[in-house]
Amino acid sequence: MQISKVVEKMQPSGIRAFFDLVLGMKDVISLGVGEPDFVTPWQIREAGIYSLEQGFTSYTSNKGLYKLRLGLHRYLKNKFGLDYCPDEEILITVGVSEGLDLVLRAIINPGDKVLVPVPSYVSYGPVTELAGGTPVYIDTSKDGFKITPKLLEKHIDKKVKAIVLNYPTNPTGVSYRRKELEEINRILLKHKILCISDEVYGDLTYDFGHTAFPTLPGAKKNTVYFNGFSKSFAMTGWRVGFACGPKEIIAAMTKIHQYTIMCVPITSQIAAAEALVSGKRSVEQMKREYGRRRELMTVELNSLGLKCSRPQGAFYIFPSIKSTGLSSMEFSRKLLEEEKVAVVPGTAFGACCEGYIRISYASSLDNLKEALARIKKFLEKRTPRA
Amino acid sequence: MDEILEILEKDGRASIEDIAKMVRKKPDEVKKIIKKYEKEGAILKYKAVINKDLVKDNESEVRALIEVNIVPQKDLGFDKIAERIYSFPEVTSCYLISGTYDLLVVVEGRNLHTVSNFVAEKLSCLENVRGTATHFLLKKYKEDGVILKHKSDENKRIAISY
């Protein structure tokens with residue numbers, strides 16, 4: 001069978017084999033997990049269970065339960081002062097992942113370019129290609145893993161239709177202050193480039209308030225804002241995200257969504273609606289816990305000689321392993337085989353990340369400390385003795 | 001609540017060094033703050049939460065929740081009589097509550113008899129005690145925020161993901 005040329009060209013990469021290796025191994029301490037180590041708060045789970053008992057097992061409208069869209073409308077209004085119409089400007093999706101796929105398919109015509117600052121979450125490039133577009137990767141590794149106005153301007157030409165921003169960023173934990181975002185926004189508006197803003201880690205911002213991109217001057221009509229319940233409410237397995245944006249883009253996305261997905265599972269939507277009502281306190285508690293682990297990891301990794309800056313959000317830290325002389329993949333593989341600690345090689349998130357690894361601190365303090373001790377042992381074995 | 005207290009409330013054995021790293025302070029400073037809390041009585045003591053169902057010895061304990069109706073004393077209210085009650089070593093907790101009864105007293109004893117004896121011979125005879133209702137505890141599910149079920153180590157997350 002001839003597989004589609006686009007799909008065939010997509011990178012399976014060495015990462016997949018490494019992931020399989022991790023999954024096949026026992027008693028591994030994994031710092032490679034991209035999801036919270038908390039379970040969904042009970043009141044949210046209970047709402048899901050109750051809805052099943054009550055017999056809510058049907059389809060919902062394509063856009064998603066009105067109750068949930070209305071809840072999101074209020075949530076965004078309270079939190080950011082954003083006013084998205086629940087009827088026309090909000091779409092409930094299967095996680096942010098589906099939403100990103102929808103928006104790229106909704107806007108891309110053959111030959112269109114999409115800017116992707118790297119390191120980035122793994123799906124942006126491939127999904128752009130599937131939609132018939134061309135991803136243009138912007139290497140941010142020399143600018144503290146941040147997209148700067150200068151870097152941005154350098155990559156803009158007439159074919160650039162959109163940019164995918166993600167902050168706080170997976171895998172680096174980097175985020176942006178309002179001022180920095182304002183400059184980026186000005187450039188995007190000037191060149192009429194759509195901002196696709198993946199802010200799924202927004203609630204996990206530690207040092208300053210999170211700025212939602214559409215709150216910037218003039219940005220709302222030029223932005224599709226994405227968020228979800230996975231990271232902030234520890235609901236990864238429920239698969240609920242949402243997209244907010246100009247009504248013509250949301251309408252186009254809904255067209256694709258209705259043919260491919262139909263609707264997000266009703267149980268998940270009901271649980272998500274409950275999360276908006278009663279989950280705030282749990283989010284705060286989880287954030288404080290992550291914040292403390294972040295401080296500990298930053299100090300410990302730097303003292304081991306794995307240089308890293310203090311993350312500002314999400315639950316990732318992105319240390320350099322260049323001092324070991326190993327490549328990202330070698331380091332990760334050897335650490336797994338010798339000390340049974342799993343991390344993700346930086347190269348999974350972009351070729352420019354050779355020499356880095358992603359460590360997730362969404363793991364218990366005991367696990368983190370044990371993993372640090374093992375990493376220390378691993379590094380000591382490699383330091384030539386005087 | 002101060003983050004240091006939050007950390008210690010969850011894990012009384014957290015080391016000064018780890019706490020210092022987590023709250024971005026010098027260890028000496030953290031030590032000083034904790035000492036202050038201890039002195040003020042904000043931190044009363046450190047103890048382990050033990051699931052006694054899993055401790056296999058013969059000294060199993062019986063616990064009872066006793067609702068106590070009392071006649072408050074002039075000028076002293078409930079405090080004086082409460083003190084007389086909570087000073088008994090058998091009493092592990094004592095609360096003044098609103099509702100039908102005044103004091104909720106938790107009593108622990110070797111067996112049913114020791115607890116009944118305590119109620120009959122000590123508690124009920126106190127001058128200001130008007131009546132008691134004793135409820136023996138049958139099973140503990142959750143105590144002080146800790147679910148008393150043996151935790152399985154099963155990891156529900158897949159070991160690696162983006």
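**Exercise 1.** What radius of gyration would a compact globule of 386 residues have, and what does chain A have?

*Solution.* The model is predicted: local features need pLDDT of at least 70, side-chain atom pairs count only at pLDDT 80 or more, and totals for chains, interfaces and linings use all residues. Residues are numbered from 1 along each chain as its sequence is written, while chains are lettered from A and ligands numbered from 1 in the order in which they are written.

Step 1. The radius of gyration is taken over C-alpha atoms, and the globule rule is 2.2 Å times the number of residues to the power 0.38. For 386 residues, a compact globule would have a value near 21 Å; chain A has 21 Å, which agrees.

Step 2. Along the principal axes, the C-alpha atoms of chain A fill a box of roughly 70 × 55 × 50 Å.

Step 3. Of the 386 residues in chain A, 50% are buried (a residue is buried if 20 or more other C-beta atoms, placed from the backbone, lie within 10 Å of its own, exposed if 12 or fewer, and partly exposed in between).

**Exercise 2.** Determine how β3(A) is joined to β4(A).

*Solution.* Step 1. Chain A has 13 helices and twelve strands; helices (H or I, at least four residues) and strands (E, at least two) are DSSP runs, numbered from the N terminus.

Step 2. Strand β3 (residues 113–118) and strand β4 (residues 134–139) of chain A run parallel and are joined by six bridges. Two strands pair if DSSP finds at least two bridges between them.

Step 3. I138(A) in β4(A) is the bridge partner of P117(A).

Step 4. Between β3(A) and β4(A) the chain passes through helix α6 (residues 124–130) of chain A, in a right-handed β-α-β crossover. Right-handed here means that, with the strands pointing away from the viewer, the path from the first strand over the helix to the second runs clockwise.

**Exercise 3.** Describe the open sheet that contains β12(A).

*Solution.* Step 1. The sheet has three strands of chain A in the order β9-β12-β11, with antiparallel pairing.

Step 2. β9 (316–317) and β11 (344–345) of chain A each have a single partner strand and stand at the edges, so one side of each is left without a neighbour in the sheet.

Step 3. Two bridges join β9(A) to β12 (residues 357–360) of chain A, and Y316(A) stands opposite S360(A). Two bridges also join β11(A) to β12(A), where V344(A) stands opposite R358(A).

Step 4. Both faces of β12(A) are covered: I357(A) and I359(A) are buried on one side, R358(A) and S360(A) on the other.

**Exercise 4.** Which residues make up the side of chain B that touches chain A, by class?

*Solution.* Step 1. Eleven residues of chain B are in contact with 17 residues of chain A (two residues are in contact if their C-beta atoms, placed from the backbone, lie within 7 Å).

Step 2. Helix α2 (residues 16–23) of chain B gives the most to this side, with three residues.

Step 3. By class, the side holds six nonpolar, one polar and four charged residues. Ala, Val, Leu, Ile, Met, Phe, Trp, Tyr, Cys and Pro count as nonpolar, Asp, Glu, Lys and Arg as charged, and the others, Gly among them, as polar.

Step 4. For the complex, the predictor gives an ipTM of 0.78 and a pTM of 0.89.
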